[in-house]
Amino acid sequence: MAAQPGGGEKPFHIVSPLLESLPLSKAAGTKVYMKLENAQPTGSFKIRGIGHHCQEAAKKGCRRFVCSSGGNAGLAAAYAAKKLGLPITVVVPSTTGPAMVRKLEELGAEVEVSGQVWDEAHRRALELAETMGWDSIHPFDHPLVWQGNASLVWELKDSLETKPDAILLAVGGGGLLAGVVAGLHQVGWRDVPVLAAETWGAHSFHEALAAGRPVSLPAITSVAKSLGAKMVAARALECAQECQVISQVVEDSEAVRAVEQFLDDERMLVQPACGAALALLYTGRLQRLQREGRLRTPLGSVVVVVCGGSGIHVAQLQALKSQLGLE
């Protein structure tokens, strides 16, 4: 069992599998390990940080949670609330599909629809927290969330014989990035580069890096809706100053193609958000970064965080392909 930062009672997440992928290794020209966060109880890494946050809030006497989410974070919060025997309201934007709403309700959550994007749903969640006295569980921007997400790196340290030469992950609001960077500090791997993948139209981290401060995208236009925070957490920018964080933005079509290829290669269906990180391997971005001198040559091994697949099904993949003209 991996060491747990800030340990105590048993966490709600599992130690997720770490497997070498021969197809991804072939595509990337180096050994690729998959950290399978899609195997978590709620289907994504979110249960690490959000589960930890909920446990800590419960210790302090929390009576009810409220969380804003279009999917993965809400599932994690609802799962944690159920485990703790506490009620929860999950506020979702109108773009959230009926299947996700049903999943949330099956976990016992009360679901409220508010706004068209996550940012608007979040404003409603904060309003409920203030007026009703509920504990707000932020999907990504909270130190307890980062602390819980750091457990992923502790598990890598336990599993790998040597540290990887890069970690690839997707960035939405920045909670996974913040957790991984915290973990890198904790295990003494601060020199491991992090490749932060986004899709155009949900590239708030990329824009923030260019501006030197968090900036708001005018709209979320990417199909990778779970990356859809119009403004990244300020902590994500700080991470880029503390470690080597390399921002990479891919097209929606590249992310969706990566989802389909990964399904063929590894028999796992993941969301387009996860496809953004996988696309870095399938499209030769790793080799390009090596040619540019931004990554070492040769690379011994890299880890890709397969961050989740709870909000995708085969029919949706087909619809995305049709929408993007990939048929």
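The model is predicted: local features need pLDDT of at least 70, side-chain atom pairs count only at pLDDT 80 or more, and totals for chains, interfaces and linings use all residues. Residues are numbered from 1 along each chain as its sequence is written, and side-chain values use heavy atoms, with hydrogens and water left out.

**Domains**

- The protein chain is divided into domain 1 (18-44 + 142-322) and domain 2 (46-136). These bounds come from an automatic or database domain assignment.
- The centres of the two domains, taken over C-alpha atoms, lie 24 Å apart.
- Domain 1 puts 23 residues into the contact, and domain 2 puts in 16 residues. Contact means heavy atoms within 4.5 Å.

**The interface**

- The size of an interface is often given as the accessible area lost when the parts come together.
- Here domain 1 and domain 2 bury about 1,700 Å² between them. Carbon and sulfur atoms account for 56% of that area. Buried area is the accessible area (1.4 Å probe) that two parts lose on being put together, summed over both.
- Two salt bridges cross the interface of domain 1 and domain 2. A salt bridge is a side-chain nitrogen of Lys or Arg within 4 Å of a carboxyl oxygen of Asp or Glu.
- Arg48 and Glu37 form a salt bridge through their side chains, at 2.7 Å from N to O.
- On the side of domain 1 that touches domain 2, α6 (143-149) and α7 (151-159) are the elements that give two or more residues. α6 gives the most, with five residues. Helices (H or I, at least four residues) and strands (E, at least two) are DSSP runs, numbered from the N terminus.

**Backbone details**

- A cis peptide bond joins Thr297 and Pro298, with omega at about -5 degrees. Pro298 sits in the loop between α13 (285-291) and β10 (301-306).
- Arg267 is not a glycine, yet its phi is positive, at about 60 degrees. Arg267 lies in the loop between α11 (252-266) and α12 (272-282).
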